[in-house]
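Colleague: I'd like to learn how to read a few local features in a model. Can we go through some together?

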Amino acid sequence: MNLTDPFHDEDGDKLREECGVFGVINAADAAAVTALGLHALQHRGQEAAGITSYDGQEFYSRRGTGHVAENFSSSEAIAELPGFMAAGHVRYSTTGGAGLRNVQPLYADLAAGGFAVAHNGNISNAGTLRSELVGRGAIFQSTSDTEVIIHLVATSRYPTMIDRLVDALRMVEGAYSLIVMTPEGMIGCRDPLGIRPLVMGRLGDSIIFASETVALDTIGAEFIREVEAGELVRVDFTGKVQSLRPFGNPGARPCIFEHVYFSRPDSIFGGQSVYSVRKAIGEQLAIESPADVDLVIPVPDSGVPAAIGYAQQSGVPFELGIIRSHYVGRTFIQPSDGARNSSVKRKHNANRALVQGKRIVLIDDSIVRGTTSLKIVEMMREAGASEVHFRVASPPTAHSCFYGVDTPERSKLLAARMEIEPMREFIKADSLAFVSIDGLYRAVGATQRDDKCPQFCDACFTGDYPTSLTDLARRETRDAQLSFDKVA
């Protein structure tokens, strides 16, 4: 995958959790702390991991494909990363592809000194900016959109590193949470809409930045607060913390799918327990779409909190009717639909003694392609369920994400191709229902969605994208011209 083709088509029926970032400054064992923090964020990216450290004179990097434990579990690996400041990254390839050269943090020697950046999100005008930079003589070492930020910083004419970074970020559109390391210290920042998450914590004299609070819990750090939308937080080696807000206050629109699926349920997002919100979504789903059934069964593991809420609201017993094996690879790594479908049965198995002869309702967090949902419904029927109903703890995912979530192209999204009834027929359920968009907003504490000024980024459900999509617009214009030329 490259910058002109931001879609990746090897996932199964789940959206890939974008990426995870972690950084610590003023810690004697910065790389070890970072490795532990990344381990807590492993759910956000399982394709590759990297850590860059700084000892006051030199930057050191270690990157590799696979899980954090495969790359950073040995004392020898950590010894390669000396210093009191470190940043790390776990990733899926949303933009740029899966090669080692795209594994972050990315590092460059600039005129003003070393510059390392770990990025969660997606720059939606990266292709346009890249073309302009290459035209001016820039030489790119990766195909990652993140490298665009490095080149913009390098070519900025402002005198200080912080001003160069702000200058660069004024030229990008899309979503980003960044952890930046320079010889002057560490900077954590979020895009002006705060689409991607970033939190701050403290451990003794150390300041930590991380994608989720669960990473702070894992290392025993105190949660301070979220980095706010459009905020840059600069920390130097004396421990001084400075907050900068160069982008004004356009109004935050964090990704609502963090509540639905991406964040770990033991994290706090937007001041709320993710677990409690997911239960509340299940409650809303039960209110809006009750089912006359004997059992409420989650599709593990992401459907569990919503299923508990659904069961408690409806009064129908909650049971583990599907047992998940945690020792198989994720479905999207399979090379074909046939192999992908067979992996569903390796990953999930029906609790036959429980479901046989029962009317059941399955609760899942989302339906993307529908392939996994179909196989699970069939599996429950084969196990003897007399009725299989399906309830989804999010609205229909009908639009692609351009902000760092690896969704299939829109033509592959089941909800983009079908209304609810054809979707029900496709997955072979007795009934199918999704939580409404207002029900989802109520679950996260709002009265309803404000259509004039939405409180969250919910573009994957509504198609209401909160930023310009320059690269997409250029691609659509190019494709339209090519089609016209063919007709002519």
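Colleague: Is Lys428 buried or exposed, or something in between?

Modeller: Buried means under 20% relative accessible area, exposed over 50%, and partly exposed in between (1.4 Å probe, protein chains only). Lys428 has a relative accessible area of 45%, so it is partly exposed. Bear in mind that this is a predicted model, where local features need pLDDT of at least 70, side-chain atom pairs count only at pLDDT 80 or more, and totals for chains, interfaces and linings use all residues. Residues are numbered from 1 along each chain as its sequence is written, and side-chain values use heavy atoms, leaving out hydrogens and water.

Colleague: Where is Lys428 found, and what is its phi?

Modeller: Helices (H or I, at least four residues) and strands (E, at least two) are DSSP runs, numbered from the N terminus. Lys428 is in the loop between helix 15 (420–427) and strand 21 (431–434). Its phi is positive, about 65 degrees, although Lys428 is not a glycine. Asn26 also has a positive phi, near 65 degrees, and lies in the loop between strand 1 and helix 1.

Colleague: How many residues of helix 1 are buried?

Modeller: In helix 1 (residues 30–40), 8 of the 11 residues are buried, so the helix is largely enclosed by the rest of the structure. Among them are Val33, Thr34 and Leu38.

Colleague: And which peptide bonds are cis?

Modeller: The bond from Gln104 to Pro105 is cis, with omega near 0 degrees, and Pro105 lies in the loop between strand 4 and strand 5 (106–110). The bond from Pro300 to Asp301 is cis too, with omega near -5 degrees.
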